[in-house]
Amino acid sequence: MDTALDRPDPRAILRGGLPDRYLIPDDIAEIFEVPKETVYQWRKKRTGPPGFRIGKHLRYDPADVRAYVIQRKAADAAA
């Protein structure tokens with residue numbers, strides 16, 4: 001018998017395994033296995049995944065992070 005517990009969460013497939021919440025700089029550092037300072041440097045230089053501010057807090061949309069990774073993979077494949 002096929003139950004909901006037997007099937008993967010379709011949201012997880014769409015998210016590509018990323019959490020269903022906005023990410024913080026610590027999350028980005030962990031995902032990419034870089035120091036948190038690198039994440040802040042990427043933001044300053046506008047070279048990493050796009051983030052946005054909620055008041056004084058920096059957040060990242062998981063969909064934007066996924067799009068960034070896809071873009072980087074395509075750029076590497078084209079090089």
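**Salt bridges, packing and core**

Author: Asp76 and Arg72 both belong to helix 4, where they stand four residues apart, about one turn of the helix; helices here are DSSP runs of H or I with at least four residues, strands are runs of E with at least two, and both are numbered from the N terminus. This is a predicted model, in which local features need pLDDT of at least 70 and side-chain atom pairs count only at pLDDT 80 or more, while totals for chains, interfaces and linings use all residues. Residues are numbered from 1 along each chain as its sequence is written, and side-chain values use heavy atoms, with hydrogens and water left out.

Reader: How far apart are the closest N and O atoms of Asp76 and Arg72?

Author: The two residues form a salt bridge, that is, a side-chain nitrogen of Lys or Arg within 4 Å of a carboxyl oxygen of Asp or Glu. An α-helix has 3.6 residues a turn, so residues three or four places apart point the same way. For Asp76 and Arg72, the distance between the closest N and O atoms is 4.0 Å.

Reader: How many helices and strands make up the secondary structure?

Author: Read along the sequence, the elements follow the pattern α-α-α-β-β-α. The secondary structure therefore comes, by the DSSP runs defined above, to four helices and two strands.

Reader: Which residue forms a salt bridge with Lys36?

Author: The closest N and O atoms of this pair are 3.2 Å apart. The pair links distant parts of the chain, with Lys36 in helix 3 and Asp26 in helix 2, 10 residues apart.

Reader: At what angle do helix 2 and helix 3 pack?

Author: Pro25, Asp26, Ile28, Ala29 and Phe32 in helix 2 meet Lys36, Val39, Tyr40 and Trp42 in helix 3. The axes, which are lines fitted to C-alpha atoms over the stretch in contact, lie 8 Å apart. Angles run from 0 to 180 degrees between N-to-C directions; under 35 degrees counts as roughly parallel, over 145 as roughly antiparallel, 65 to 115 as roughly perpendicular and the rest as oblique. The two helices are therefore roughly perpendicular to each other, at an angle of about 105°.

Reader: Which residues of helix 2 are buried?

Author: Helix 2 covers residues 25–32. Its buried residues pack against helix 3 (36–45), strand 2 (57–59) and helix 4 (62–78). They are Pro25, Asp27, Ile28 and Ala29.

Reader: What is the relative accessibility of Asp27?

Author: Asp27 forms a salt bridge with Arg21, with the closest N and O atoms 2.8 Å apart. Leaving aside neighbours within four places in sequence, Asp27 is in contact (heavy atoms within 4.5 Å) with Arg21 and Tyr22. Arg21 is partly exposed because its relative accessible area is 43%. Asp27 counts as buried because its relative accessibility is 14%.

Reader: Which residues make up the largest nonpolar core?

Author: A nonpolar core is a set of buried Ala, Val, Leu, Ile, Met, Phe, Trp, Tyr and Cys residues joined through side-chain atoms within 4.5 Å. One of its members here, Val39, touches Pro25, Ile28, Ala29, Val34 and Tyr60, not counting residues up to four places away in sequence. The eight residues of this core are Leu18, Leu23, Ile28, Ala29, Val39, Leu58, Tyr60 and Val65.

Reader: Where is Phe52 placed?

Author: Phe52 counts as partly exposed because its relative accessibility is 25%. Residues up to four places away aside, Phe52 touches Tyr22, Arg43, His57, Leu58, Arg59, Tyr60 and Asp61. The place of Phe52 is in strand 1 (residues 52–54).

How values were computed:
Buried means under 20% relative accessible area, exposed over 50%, partly exposed in between (1.4 Å probe, protein chains only).
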